[in-house]
Amino acid sequence: MTDVVATNQTIIVVGGGISGMTAALEATETGKQVILLEKRPYLGGRVSQLYKYFPKMCHPTCGQEINQRRIKMNQNLTVLTQAEVANISGNTGDYTVSVTLTPRYVNNHCTACGECAKAATTEFDDEFNYNMGKRKGVYLPNAMAFPQHYVIDQRLIGTAEADAAKAACKYGAIDLDQQVETLDLKAGAVIFATGWKPYDANKIQPYGYDRFANVITNVEFERLMDPHGPTGGKLLRPSDGKEAKNVAFIQCAGSRDKNHLAHCSRICCMASLKQTNYVQEKFGDDGKSTIYYIDMRAIDRFDDFYQKVQDNPNVSFIKSKVAKVEEDKASGNPVLHGVDTEGYKRYANQHDLVVLATGMEPSVDFKGFPVKIMVNDEGFIEQDDSNGGIFAAGVASDALDVNRAVQHATAAALRAVQVVNQVAGA
Ligand SMILES: Cc1cc2nc3c(=O)[nH]c(=O)nc-3n(C[C@H](O)[C@H](O)[C@H](O)COP(=O)(O)OP(=O)(O)OC[C@H]3O[C@@H](n4cnc5c(N)ncnc54)[C@H](O)[C@@H]3O)c2cc1C
């Protein structure tokens with residue numbers, strides 16, 4: 001049984017991405033007891049699935065390592081992974097949060113030696129790589145997973161393979177008898193840092209994501225570049241494994257469009273500009289990128305980044321909303337059709353690979369949200385007095401880059417601290 005002590009002085013943070021980790025750490029470092037709940041088996045959220053992140057262009061480990069160290073050092077912070085909130089009842093300063101814990105089947109004795117995985121053979125789609133590759137049923141979710149503990153896929157339970165994994169473990173770390181648990185935790189305030197999911201590109205019919213192998217999304221492109229990704233970091237297109245040296249980026253794919261996402265995710269222009277760097281990194285002057293855009297949105301210090309990319313002779317910009325994508329059957333090349341609005345010329349341009357710059361939408365469907373809360377038309381959580389002691393942090397509140405998400409999470413932590421302080425003073 002998981003043993004966690006919680007009172008109305010406790011702050012619960014839901015979602016362990018960069019925003020949730022920040023909110024939890026900032027709150028706990030003021031002396032509060034905090035419980036951080038993450039539904040995946042590891043912390044880090046979607047930032048951990050990026051290859052590099054702007055503006056510094058460093059690997060996600062550079063930001064996450066320090067947070068992981070702070071978490072390990074803090075006695076007042078409890079992290080529960082594979083944890084989801086089923087219900088919240090009560091009022092400001094006095095909530096009861098019902099949490100469902102799904103078993104990992106691996107306990108804290110795990111040293112991540114990997115012997116258990118060697119005993120397993122069955123493979124499943126790899127969620128970490130947006131299902132572009134496979135992983136074993138006994139697996140470490142990603143190289144920098146925190147906690148560094150293996151997971152046994154629920155679908156293996158009851159099989160000889162799970163027994164073989166258990167037998168291979170020298171540390172007694174595998175417990176195949178773990179069961180789903182429900183905990184009722186008290187809390188004075190709750191912060192939702194549940195983040196985002198990529199807009200479903202299958203819904204953007206004219207761009208052929210559902211039909212053409214060489215049309216992928218921006219999040220998938222991040223994984224293609226990563227040495228731990230499905231191609232071992234080689235920029236190969238999915239249809240035939242050919243090097244993708246000539247890449248098109250379609251901006252606002254399903255964004256700023258009332259048929260899809262009405263909002264601008266603010267991040268997609270910067271993400272594509274960053275990704276043109278990736279093409280260059282792989283192929284030098286042989287790597288060509290073309291960005292099809294309505295208008296480029298790179299504000300503040302990101303403008304310098306944009307200027308640099310504009311100065312790169314291997315990157316072209318075409319001001320156009322792409323009308324449709326077709327496929328050249330012989331080559332497998334996607335063909336982009338549209339009108340270049342600077343000069344009003346029609347084009348039918350072939351590329352090796354197309355990357356759809358899809359936007360971010362809230363990860364939680366607010367119809368099934370565990371507590372009544374104000375959301376805006378896009379489903380992001382509003383800051384509203386009627387939410388009482390429930391706050392949002394990071395992209396749960398709006399489409400933000402990491403820098404802004406972290407600032408927002410710090411503000412949310414302070415609001416939550418004020419609530420529990422008021423309860424203590426009452
Ligand atoms: C293609 C692309 C590239 C990007 N590149 C950059 C970049 O280079 N630089 C930059 O600054 N920003 C970049 N961003 C934006 C960046 O990814 C976000 O700012 C960041 O992920 C926000 O973190 P978050 O913690 O708010 O959300 P998330 O990263 O989504 O984390 C949310 C966490 O909450 C968990 N969760 C969700 N629901 C529940 C639930 N019900 N219960 C428990 N846990 C839950 C999730 O599993 C996840 O771990 C990029 C975005 C895209 C689309």
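## Close-up views of the ligand site, sheets and backbone

**View 1. A backbone N or O atom of A193 lies 3.4 Å from an oxygen atom of the ligand.** A polar contact is a pair of N or O atoms within 3.5 Å; within protein, one atom must be able to donate a hydrogen and the other to accept it, and residues adjacent in sequence count only if both atoms are side-chain atoms. The protein covers 97% of the 1,000 Å² of accessible area that the ligand has on its own (Shrake-Rupley method, 1.4 Å probe; for residues, only the protein chains shown count as cover). The model is predicted: local features need pLDDT of at least 70 and side-chain atom pairs count only at pLDDT 80 or more, while totals for chains, interfaces and linings use all residues. Residues are numbered from 1 along each chain as its sequence is written, and side-chain values use heavy atoms, with hydrogens and water left out. In the side chain of S19, an N or O atom is 2.7 Å from an oxygen atom of the ligand. For F54, a polar backbone atom is 2.8 Å from a ligand oxygen atom.

**View 2. The shell around the ligand holds 33 residues.** A residue is near a molecule or strand if one of its heavy atoms lies within 4 Å of it. The closest are S19, E38, F54, L400 and V402. By class, the shell divides into 15 nonpolar, 10 polar and eight charged residues; Ala, Val, Leu, Ile, Met, Phe, Trp, Tyr, Cys and Pro count as nonpolar, Asp, Glu, Lys and Arg as charged, and the others, Gly among them, as polar. At least two shell residues come from each of α1 (18–28), β2, β4 (83–91) and α6 (268–283). Helices (H or I, at least four residues) and strands (E, at least two) are DSSP runs, numbered from the N terminus.

**View 3. Five strands form an open sheet with parallel pairing, in the order β3-β2-β1-β11-β22.** Because β3 (77–81) and β22 (390–392) at the edges each have a single partner strand, one side of each is left without a neighbour in the sheet. Neighbouring strands of this sheet are turned by 20° against each other on average, direction ignored. Axes are lines fitted to C-alpha atoms, for helices over the stretch in contact, and angles run from 0 to 180 degrees between N-to-C directions. Strand β2 (residues 33–38) pairs with β3 in the parallel sense over five bridges; two strands pair if DSSP finds at least two bridges between them. I35 stands opposite T78 in β3. Helix α8 (residues 402–425) packs on the sheet and touches β1 (10–14), β11 (189–192) and β22 (contact: heavy atoms within 4.5 Å). The direction of α8 makes about 165° with that of β11.

**View 4. Three strands form an open antiparallel sheet, in the order β4-β5-β10.** β4 and β10 (181–187) are the edge strands, each with a single partner, so one side of each lacks a neighbour in the sheet. The twist averages 20° from one strand to the next. β4 and strand β5 (residues 94–101) run antiparallel and are joined by eight bridges. G90 is placed opposite Y95 in β5.

View 5. Most residues other than glycine have a negative phi, and most peptide bonds are trans.
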